[in-house]
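Here are a few exercises to work through with the viewer open. Try each task before reading its solution.

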Amino acid sequence: PPEVVIVNGRPHQNRPLIRNAFRIAMSGAEKSIQIITPYFVPGPRVVRSLLRAVRRGVWVRIILPSINDVPLVKIVGRAYLKPLLEAGVEIYERQETILHAKVMSVDGRWVTLGSANLDFRSFHRNFEINVIVASELFGRQVGSLFVEELGKSRRIDLKEYNNRGRFARFCEWLLAPLGRFL
C-alpha cells in the first residue's frame with residue numbers, strides 16, 4: 001500500500017516544511033526528478049539541491065508555463081534558469097495554456113502534489129498544503145502525466161536562453177530582488 005503524508009506550511013514558519021520536503025526528496029533522488037510548476041522562483045537553496053542532484057547523475061526535467069497569469073513571476077523566475085541549464089537540467093515551457101499543476105516526482109516512486117509552488121511565497125508567506133505519496137504505481141501514473149505534458153511543451157536550451165534580448169536580461173536583473181516577495 002502507498003504511504004501518504006500531509007505537509008503543510010504557513011506564513012513565517014521557522015522551518016519551511018514544504019520547502020524542506022522538496023529539498024530532502026531532491027537530495028535522496030537517485031535517477032530522476034520531474035517537476036511541473038506554474039511559479040518558479042525557487043531561491044538559492046532549491047537551486048543548489050537541484051544542481052547537487054545533477055552532479056550525482058540524476059536526470060532533472062522541469063516544465064514551466066509559457067503563458068503566465070503573473071508575468072512578473074515569469075521574469076523573475078527566468079533569472080534562476082542559467083545555472084540549471086548549464087548543469088544539464090532540461091527545462092520546458094508548456095505551450096498554449098496557463099499551467100496550474102504543481103507536481104514533483106522523484107525516481108518514479110515518490111510524488112508530492114498540492115497547492116505549493118517552487119517559490120518563496122509558497123515556502124514562507126502562504127498557507128499551503130501538499131500530499132506526499134510513496135508509491136511506484138502512483139509514481140508511474142504521474143510519470144505518464146509528465147510525458148503527456150512534455151508532448152505539449154517546448155524545450156528551452158542554453159543557447160536560446162543566452163540569446164534572449166538585452167531588455168529581457170535587464171528586466172530580470174532589475175526585478176530579481178523582488179523574488180523574495182513573489
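**Exercise 1.** Where does Asp 107 lie, and is Asp 107 buried or exposed?

*Solution.* Start with the location: Asp 107 sits in the loop between strand 6 (103–106) and strand 7 (110–114). Next, take the accessibility from this predicted model: the relative value is 12%. Buried means under 20%, so Asp 107 counts as buried. Finally, check the backbone: phi of Asp 107 is near 55°, a positive value in a residue other than glycine.

**Exercise 2.** Repeat the analysis for Glu 96: in which strand is its place, and what is its phi near?

*Solution.* Glu 96 belongs to strand 5 (residues 90–98). Its phi is near 70°, again positive in a residue other than glycine. For accessibility, the relative area is 75%, and exposed means over 50%, so Glu 96 is exposed.

**Exercise 3.** Classify the ring pair formed by Phe 170 and Trp 173.

*Solution.* A pair of aromatic rings is described by the distance of the centres and the angle of the planes. First, the distance: the two centres are 6.0 Å apart, and the pairing rule asks for centres within 6.5 Å. Second, the angle: the planes of Phe 170 and Trp 173 meet at 35°. Stacked needs under 30 degrees and edge-to-face over 60, so this pair is tilted. Lastly, Phe 170 is partly exposed at 44% relative accessibility, while Trp 173 is exposed at 62%.

**Exercise 4.** At what angle do helix 3 and helix 8 pack, and which residues meet?

*Solution.* Two packed helices are described by the angle between their axes and the distance between the axes. For helix 3 (residues 71–78) and helix 8, the angle is about 95° and the axes are 8 Å apart. The range 65 to 115 counts as roughly perpendicular, so that is the label for helix 3 relative to helix 8. Now list the contacts: Leu 72, Ile 75, Val 76 and Arg 78 of helix 3 meet Cys 171, Glu 172 and Leu 175 of helix 8. Sorting these residues gives 5 nonpolar, no polar and 2 charged.

**Exercise 5.** Which arginines lie over the faces of Trp 59 and Tyr 161?

*Solution.* Take the rings in turn. Over the face of Trp 59 lies Arg 61, at 4.0 Å from the ring centre. Over the face of Tyr 161 lies Arg 164, at 3.7 Å from the ring centre.

How values were computed. Residues numbered from 1 in each chain as written. Predicted model: local features only at pLDDT ≥ 70, side-chain atom pairs only at ≥ 80, totals over all residues. Heavy atoms only, no water. Buried < 20%, exposed > 50% of the residue type's maximum accessible area, 1.4 Å probe, protein only. Lys NZ or Arg CZ within 6 Å of the ring centre and 35° of its normal. Axes fitted to C-alpha atoms, helices over the stretch in contact; angles between N-to-C directions. Helix = DSSP H or I, 4+ residues; strand = E, 2+ residues; numbered from the N terminus. Parallel < 35°, antiparallel > 145°, perpendicular 65-115°, else oblique. Contact = heavy atoms within 4.5 Å. Nonpolar A, V, L, I, M, F, W, Y, C, P; charged D, E, K, R; others polar.
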